[in-house]
There are 2 protein chains.
Amino acid sequence: MEDTKEKNFVAINYISCKDHYRERFEELFATRAGAIDVMPGFKYMEVLRPMEEGDNYLIVSHWDSEDNFKTWTKSAEFIKGHIRGFEDIKIAKQKGEEPPMTSSFKTYEVISR
Amino acid sequence: MEDTKEKNFVAINYISCKDHYRERFEELFATRAGAIDVMPGFKYMEVLRPMEEGDNYLIVSHWDSEDNFKTWTKSAEFIKGHIRGFEDIKIAKQKGEEPPMTSSFKTYEVISR
């Protein structure tokens, strides 16, 4: 097994996205502000589009540590990075509609390569 | 958006692992044969251990294309790379036990970084 110090932390945001919102959702990432990129311990992220319709999108972010990730989720950069998506959800709510997307974080440790 | 040619393919094997099998499961990857590494179009893989008990392990493999991935799943290297795990499942079955792990592939395209 690898040295514990070499292990890395991964957070995956599982996004369930309504069909009508997919294009907008992808545009948000294609034009993202890069707010996360300046966070301490952030390494890189990838946005995964499911090949199977109905499966979740995955936003996979790699960090030096879980603490770095947690700090980001409580930061001003987190709000800044999500502001357009949050606004879309708010507007849907005001119209009495279901949210165009819902999300759920799960966290992982890289144990092997 | 990025050029289509720069997009990459990702396969994730979601593994539901019985508690008693977790140590063995992790050992299989820590001592893996590297059978996948020689496949055309294979880029790299990561094994993600869930921080939350009960969540799935994720085996994330990156490929140049979906075709490269599909070729691997039908190859002798696929059998070679999974032979110890397959054997563990076979033994459990012979004992009339539930399989120590179950797995399910989902596939994705990297659309943004």
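Biologist: Where is A92(A) found in chain A?
Modeller: A92(A) belongs to helix α3 of chain A, residues 76-94, where helices (H or I, at least four residues) and strands (E, at least two) are DSSP runs numbered from the N terminus. This is a predicted model, in which local features need pLDDT of at least 70 and side-chain atom pairs count only at pLDDT 80 or more, while totals for chains, interfaces and linings use all residues. Residues are numbered from 1 along each chain as its sequence is written, and chains are lettered from A and ligands numbered from 1 in the order in which they are written.

Biologist: And why does A92(A) count as partly exposed?
Modeller: Because A92(A) has 16 C-beta neighbours inside 10 Å; a residue is buried with 20 or more other C-beta atoms within 10 Å of its own, exposed with 12 or fewer, and partly exposed in between, with C-beta atoms placed from the backbone.

Biologist: Which residues does A92(A) touch, leaving out those up to four places away in sequence?
Modeller: Those are E97(A), E98(A), P99(A) and P100(A), a contact being two C-beta atoms, placed from the backbone, within 7 Å.

Biologist: Switching to the two chains, how many residues does the contact take from each?
Modeller: Chain B gives 24 residues and chain A gives 24 residues. On the side of chain B that touches chain A, the elements with two or more residues are α1 (22-30), β2 (42-50) and β4 (101-112) of chain B.

Biologist: How many residues are in the largest nonpolar core?
Modeller: The largest nonpolar core has 32 residues, and V10(A), L48(A), V10(B) and L48(B) have the most contacts inside it; such a core is a set of buried Ala, Val, Leu, Ile, Met, Phe, Trp, Tyr and Cys residues joined through C-beta atoms within 7 Å.

Biologist: Which residues is V10(A) in contact with, beyond four places in sequence?
Modeller: V10(A) is in contact with V60(A), H62(A), Y108(A) and V110(A), and also with L48(B) of chain B.
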